[in-house]
Amino acid sequence: MINIEIVFALPTKATTLNIEVFQGTTAEQAVIQSGIIKKCSEIDATALTLGVWNRTVKLNHELKDGDRVEIYRPLIADPKDARRKRAEKAKEEGRANKVTGGRPLER
């Protein structure tokens, strides 16, 4: 048997469960066995994205003793799209060079 931690965090609270599972248990199996899906209605069991110690893993990732399995929420916005919008705004406001995107030349 190995000890692992299952974590799901929202902006205002986090749910953490310490459980004991058999050697060879996968990340997905551990999440299901922990019962956290029933405790946290925000978790979409059909579209799980999991990580172990801040690294995304496949659902069939085999866990080791002491692992921390994290259940990730879907992104609200695409990071590339958000960056692109900030850059466009900076160009419009004159805080960035319209051609290069870098800082405008000061003369």
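These legends accompany several close-up views of one predicted model.

Residues are numbered from 1 along each chain as its sequence is written, and side-chain values use heavy atoms, with hydrogens and water left out. In this predicted model, local features need pLDDT of at least 70 and side-chain atom pairs count only at pLDDT 80 or more, whereas totals for chains, interfaces and linings use all residues.

**View 1. Strand E1 and its two pairing partners.** Helices (H or I, at least four residues) and strands (E, at least two) are DSSP runs numbered from the N terminus, and two strands pair if DSSP finds at least two bridges between them. E1 and E2 pair in the antiparallel sense over 8 bridges, and a hairpin of 4 residues joins E1 to E2. Within this pairing, Phe8 has Thr15 of E2 as its bridge partner. E1 and E5 pair in the parallel sense over 4 bridges, and here the bridge partner of Ile6 in E5 is Val69.

**View 2. The largest nonpolar core.** A nonpolar core is a set of buried Ala, Val, Leu, Ile, Met, Phe, Trp, Tyr and Cys residues joined through side-chain atoms within 4.5 Å, where buried means under 20% relative accessible area, exposed over 50%, and partly exposed in between (1.4 Å probe, protein chains only). The largest such core has 20 residues, of which Ile4, Ile6, Val31, Ile36, Leu63, Val69 and Ile71 touch the most other members. At least two residues of this core come from each of E1, E2, helix H1 (27-34), strand E3 (50-52) and strand E5 (68-71), and E1 gives the most, with 4 residues. With contact taken as heavy atoms within 4.5 Å, and not counting residues up to four places away in sequence, Ile4 touches Leu17, Asn18, Ile19, Val21, Ala30, Leu63, Lys64, Asp67 and Val69.

**View 3. Leu17 in strand E2.** Leu17 lies in strand E2 and is buried, with a relative accessible area of 14%. Leaving aside neighbours within four places in sequence, Leu17 is in contact with Ile4, Glu5, Ile6, Ser34, Ile36 and Lys39. From C-alpha to C-alpha, Leu17 and Gln33 are 11 Å apart in space, and they are 16 residues apart in sequence.

**View 4. Thr26 in the loop between E2 and H1.** Thr26 is found in the loop between E2 and H1, yet Thr26 is buried, with a relative accessible area of 14%. Not counting residues up to four places away in sequence, Thr26 touches Leu59, Asn60, His61, Glu62 and Leu63.

View 5. Most residues other than glycine have a negative phi. Trp53 lies in the loop between E3 and strand E4 (55-57) and has a positive phi of about 50° although it is not a glycine. Asn54 is also placed in the loop between E3 and E4, and its phi, near 70°, is likewise positive in a residue other than glycine. Trp53 is partly exposed, with a relative accessible area of 47%, whereas Asn54 counts as exposed at 65% relative accessibility.
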